[in-house]
Amino acid sequence: MVSESSEQASPVISAPSVVDARTSSNGLRAIAGFGVMAVMLIGVGILQSWSLSIAIINLSLVSAIMALGINVQWGYAGLFNVGIMGFAALGGVAAMLVSVEPVQGAWAAGGTGIGLSGLCVGITVLLMMAIRRAMAPGKGQRWLLFAVLLIGLVITRSVYLPSVEAIERFDPARSGFLGGLGLPILFSWFVGGLFAAAGAWMIGKVALGLRSDYLAIATLGISEIIIAIIKNEDWLTRGVKNVSGLPRPVPYEVALQRNPAFVEWVARFSDGGQEAVRGASSLVVKLSYTGLFLTVLLLFLWLARRAQRAPWGRMMRAIRDNETAANAMGKNVTRRHLQIFIIGSAIVGVAGAMLVTLEGQLTPGTYNPLRYTFLIWVMVIVGGSGNNLGAVLGAFIIWFFWVEAEPLGQLLIQTLTSGLDAENVLRIHMLQHASHMRLVLMGIVLLLVLRFSPKGVLPEQVRR
Amino acid sequence: MDILNALVLFANFILVPGLAYGSQLALGALGITLVYAVLRFSNFAHGDTMAFGAMFTILLTWWLQSLGVSIDPLPTALIALPGGIVMSMGLCLVMDRLVYRHHRQVKSAPVVYVIASVGVMFVTNGLVRFIIGPNDQQFSDGTRFLIRARDFKAMTGLNEGLSIKLTQGLTVLIALVCMLALFWFLKRTRTGKAMRAYSDNESLALLSGVDPQRIVLITWLIVATLSTIAGVLYGLDKSFKPFTYFQLLLPMFAAAIVGGIGKPAGAILGGFVVAFSEIALTYAYKKFFRYLLPEEHQPDSLMQLLSTDYKFAISFVILVAVLLWRPTGLLRGQS
């Protein structure tokens, strides 16, 4: 009855002594899990369309990489990062900034101004850091910091606002922003990781000392701020006007359709008519993306595996399992957590860049926390937190149901209300809103897994 | 120098909206801080619990309106409120029984409770959207204004008008009544004292014979009441849209933490701090300065510190600032 004070709680999902026996059965489970998903995806391909099936696979791969990043943070450091959306957005912005051509007129109009305001911000921050280091903490220091901040803000604004206006006034219908670097878009995946890592460093410095649910609130808030900035700073990202027509790493369908060699190749498998060629070109393009994404995913999985078996991985798990002992041994736990936070967020950033590449456009308006942040967490928890392969499997399972819940839900409600006639208000209402039931479904899945199978489908494998 | 006009402008655009929004945030933050104090986790489902209670109130209001029931000049929603509260209580108790009770029994880590509350948030959000749809819903009736701007101008002869909506006045009044009732309950009744004891030191409270099941039950009942009232007041004042309630989660958390989480007085203080900051920092003070400054110094630009798009960012920046400089909040709540 009397509850003891809670000890330093490592995530309840990991209990090494019990999980030890499961290492061998995990391999079988993984194969079974992925096998089932493969069957279902083939089923979708046959029953609905192959295009849809491959589209699901592509987005599952992107979500799998995001889930992997989160799993690294949760499994290795027990960090509850609810700011996934923000890091994915940073990656997406990187994809845009790297690949879009620079807008010369805008640079001429406001480029120097932006540079100057950036300089002002940098100087203010450096001054503040210097004051913190030089002066003793106290009222005097706080007032000086505040004064420097205020003056810095005022000066920066006076330079910033006119240049922003100038940039946005330049050809607003087609650009109205600075543009990018015009480099190949595949390079932006790496840059996306860097952007996200930089963001994670700043956030981590501020928020990592906090208790787990404070960290959740802090990261949620920061991701909202990042999205707000991306939506409003038109001079950088065109805001809600979106940047479309990003260059592709794979051929265009139209180019394939016009290529005689391709048309010949299609004629070998079908009647060679217009529709067959069109369908084939779309499939080939999608499959090329699948190939690229799969390569990145396998690369990350391999890196994670190597890290897990290395001394660094063992140290991280040891810190997670007993932070007090780690502290006593002299390990700087906060620094290690920061490392993990940066690495995990960088992975999410790469996935964000990949997503924008797949869509071919940057649409800040589509970043919403339910779809990005919380759905990814459901994937991690359901798949098996602490197990990277589990996070990937979870991504496939959850994304599949997220997409298929709509047609399946419609089917279900149609059968349930088949007794009612077509004009019945209730039936019409239920059919219209069937898509919202998938939120309920996701929530129930998460709650059931948390309660009955907290280790997920693929529990964590303990390596000694 | 036209001080009166400047003051009326300030009252109309900052003071009155700030008081109304602050009361709404304060009521919401009270719910969050109570759950944190007694159940010891951050309830991410709180915004959607507000939406759920507000949704049922709206449905009842529409039904009452269709029957022709009206308490003009007051909005009909006030009669429907108890019905919404009862349904919200039902939701909270069901969720506690199905979800949180298990985790209490196995003594899960705090972060697991938060993830569970995310699951509850999904379910509640989906249910609200399924039942009432994701769009804006209007359900307010009754008189709109306590004082109209032009009546005020006619009465006082000033250039600036002050308009106070009935819903704004109702919000402040009802929030005040709720806060007083809550404080009376916590300070004067035995159950309230038991709740405070349980929140301060669980082991000692249990040793003194406090029944934890009852405490948890009462907490959820109070949280359901406060969140429904907050949700309905917000919906009457602005409008009801399920997504907005999820977005409100951040300012409410900011309010609870800024004031000192675990302390009801902190939630109220935090609510007003966040509300006034949001409004005051994004207001364009051009006209204000025009009234106060002499001719030569009148400003040309809008004199707006931050664009209104950054309203939510402000509450968060305040939160981060408080977490860095005074982690236990202004009134030094639980850590």
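Contact means heavy atoms within 4.5 Å. The model is predicted, with local features needing pLDDT of at least 70 and side-chain atom pairs counting only at pLDDT 80 or more, while totals for chains, interfaces and linings use all residues. Residues are numbered from 1 along each chain as its sequence is written, chains are lettered from A in the order in which they are written, and side-chain values use heavy atoms, without hydrogens and water.

**View 1. Contact between chain B and chain A.** Chain B contributes 55 residues and chain A 50 residues. About 4,700 Å² is buried between them, 77% of it from carbon and sulfur atoms; buried area is the accessible area (1.4 Å probe) lost when two parts are put together, summed over both. B:Ile115, B:Phe122 and B:Phe130 supply 17% of what chain B buries against chain A, more than any other three residues.

**View 2. Packing of α7(A) with α15(A).** Helices here are DSSP runs (H or I, at least four residues), numbered from the N terminus. Helix α7 (residues 185–207) and helix α15 (residues 333–359) of chain A pack at about 145°, their axes 7 Å apart; axes are lines fitted to C-alpha atoms over the stretch in contact, and angles run from 0 to 180 degrees between N-to-C directions. Among the residues that meet are A:Gly192, A:Gly193 and A:Ala196 in α7(A), and A:Ser345, A:Ala346 and A:Gly349 in α15(A).

**View 3. Surroundings of B:Met195.** B:Met195 touches residues including B:Leu34, B:Val38, B:Phe185, B:Ile215 and B:Ile222, not counting residues up to four places away in sequence.

Note on methods. Helix = DSSP H or I, 4+ residues; strand = E, 2+ residues; numbered from the N terminus.
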